[in-house]
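Let's walk through this structure together, starting with its sheet and ending with its cavity.

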Amino acid sequence: MDAETKVYAVIGKPVRHSLSPTMHNALFKKYRLNAVYVAFEVSRENAKEAVGGIKALGIAGVNVTMPLKEEVARYVELSEAARAIGSVNTIVNSNGKLLGYTTDGIGARRALERFTTLEGANVLILGAGGAGKAIAYELSKVASVVVLNRTVEKAKALEKFGVKGDALTPENLEYYLELADVLINATSVGMNGDRSLVPREMLRSGLVVMDIVYKPLMTRLLREAKEKGCTIVDGLWMLVYQGAESFRLWTGIEADVELMRRVALERLGESK
């Protein structure tokens, strides 16, 4: 590091657990870039000041995580997707102009495309929060998407993207799951405690099941899906691919996703 070192960061709260510094610093080393990636804990009430600090200090690029994604969108210029979704998870500092992007949807799409074909598929998404919204927006470009959410109004609000929104009830879950080729848990259920929104008996062989939760890597949903013969996609794949898209926006380089996943797994203490 020297006076020419470019600084990148992740902002949010909490961020001490973030895998982004591990993945991006490995990429900077691989591609011999004079850059460093760090983590800054920023609360929602300090979002505006943090964005001003990015500009004032010349920080080259930033990832934005909870609870700042929607708040930060108020203070930067938005890409088409970020404007449609109303949230930002990547900021590019282009000569002092801060440009906001969302790469969550792209990350989920590329993760899924690693395992299945999405063109014309029937996709069922559980959750209409920030992640569910971004994924629904992106996948609606190529697939038929249904979003179920406990607060049905949030799911219905996504119908402007051309998706179907409905209430997350046991009856609706069973009905739409029978029609689905791909199931995505876009909620935090499974992160804290061995829980799943989907009863084991509703899962079937041939279904592609993705969970955006990556800690634990093998959630109860994924464990039971694997036992039932489903193709499973863990949340780390989405994290890796959304990070790779951020890296491309910052540097113009197509990132080595295998390297990103390997160092992330090492950080998580996983052997595979």
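**The sheet and its surroundings**

In this predicted model, 6 strands come together as an open sheet with parallel pairing, and their order across it is β9-β8-β7-β10-β11-β12. Find the two edges next: they are β9 (164-167) and β12 (231-233), and because each has a single partner strand, one side of each is left without a neighbour in the sheet. If you look from strand to strand, neighbours are turned against each other by 20 degrees on average, direction ignored.

Now zoom in on one pair.

Helix α5 (residues 104-113) touches β10, β11 and β12, and its direction makes about 145 degrees with that of β11. Helix α8 (residues 170-179) touches β7 (122-126), β8 (144-149), β9 and β10. The direction of α8 makes about 150 degrees with that of β7.

Finally, what is the volume of the largest cavity? It comes to about 30 Å³, and the count is 1 cavity of 30 Å³ or more. Its lining is made up of L126, N185, V189, R195, S196, L197, V198, D211 and L221. By residue type, that lining divides into 5 nonpolar, 2 polar and 2 charged.

How values were computed: Residues are numbered from 1 along each chain as its sequence is written. This is a predicted model: local features need pLDDT of at least 70, side-chain atom pairs count only at pLDDT 80 or more; totals for chains, interfaces and linings use all residues. Side-chain values use heavy atoms; hydrogens and water are left out. Two strands pair if DSSP finds at least two bridges between them. Helices (H or I, at least four residues) and strands (E, at least two) are DSSP runs, numbered from the N terminus. Axes are lines fitted to C-alpha atoms, for helices over the stretch in contact, and angles run from 0 to 180 degrees between N-to-C directions. Contact means heavy atoms within 4.5 Å. On a 1 Å grid over the protein atoms alone, a cavity is a set of points where a 1.4 Å probe fits but cannot get out, and a pocket is an open set with protein on both sides within 12 Å along at least five of seven lines; lining residues have an atom within 4 Å of a point. Grid points are joined across faces, edges and corners, and a volume is the space filled by probe spheres set on the points. Ala, Val, Leu, Ile, Met, Phe, Trp, Tyr, Cys and Pro count as nonpolar, Asp, Glu, Lys and Arg as charged, and the others, Gly among them, as polar.
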